[in-house]
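This briefing covers charged side-chain pairs and their surroundings. The structure comes first, then the notes.

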Amino acid sequence: MADTVIRTAVLDDIPALLAFWARAAEGTSISDDPAGVAALITRDPQALLLAEHDGALAGTVIAGFDGWRCHLYRLAVDPDRRRRGIGAALLAAAEARFEALGGRRADAMVLDHNELGRTAWRAAGYRPEEQWSRWVKPLG
């Protein structure tokens with residue numbers, strides 16, 4: 001992990017970030033486009049955390065805080081670099097961000113069919129809350 005650096009994303013990272021998610025992330029989001037990622041970075045420049053290993057993008061997590069709840073999205077690690085602590089380092093950085101902002105509990109969006117992801121989240125100390133369901137409505 002000594003060669004891994006955690007930093008926030010900047011607008012110039014967007015093309016590489018979208019290509020990374022296409023190969024390393026499970027599922028897609030309606031916001032997986034240049035405009036969606038640019039809006040995130042512009043609104044909250046500290047929310048999108050990147051892990052770089054030897055100068056290459058190795059992982060991501062979005063650590064969004066709305067002033068009340070701490071939300072984690074898009075935890076993804078390069079398939080060739082998994083199980084080396086990159087995901088744990090990203091989560092530690094996200095949780096430190098939340099604590100510094102006064103957050104009291106973090107929640108994560110995890111696809112039900114993503115067993116690899118569910119295993120990683122459990123290992124990090126997260127548990128599903130079976131009484132909750134996510135309800136969505138596309139806008140626009």
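Arg 74 is buried, with a relative accessibility of 14%. The model is a predicted one. In this model, Arg 74 pairs with Asp 32 in a salt bridge, one of nine in the structure.

**Arg 74 and Asp 32**
- The closest N and O atoms of Arg 74 and Asp 32 are 2.2 Å apart.
- This pair joins distant parts of the chain, 42 residues apart: Arg 74 belongs to strand E4 (residues 70–77), while Asp 32 sits in the loop between helix H1 (14–24) and helix H2 (34–43).
- Asp 32 has a relative accessibility of 26% and is therefore partly exposed, whereas Arg 74, at 14%, is buried because buried means under 20%.

**Network around Arg 7**
- Salt bridges link Arg 7, Asp 13 and Glu 52 in a network.
- Within it, Arg 7 meets Asp 13 with an N to O distance of 2.8 Å.
- Arg 7 also forms a salt bridge with Glu 52, at 2.9 Å from N to O.

**Accessibility in the network**
- Asp 13 counts as buried, at 15% relative accessibility.
- Arg 7 has a relative accessible area of 25%, so this residue is partly exposed.

Definitions and conventions:
Residues numbered from 1 in each chain as written. Predicted model: local features only at pLDDT ≥ 70, side-chain atom pairs only at ≥ 80, totals over all residues. Heavy atoms only, no water. Salt bridge = Lys/Arg side-chain N within 4 Å of Asp/Glu carboxyl O. Buried < 20%, exposed > 50% of the residue type's maximum accessible area, 1.4 Å probe, protein only. Helix = DSSP H or I, 4+ residues; strand = E, 2+ residues; numbered from the N terminus.
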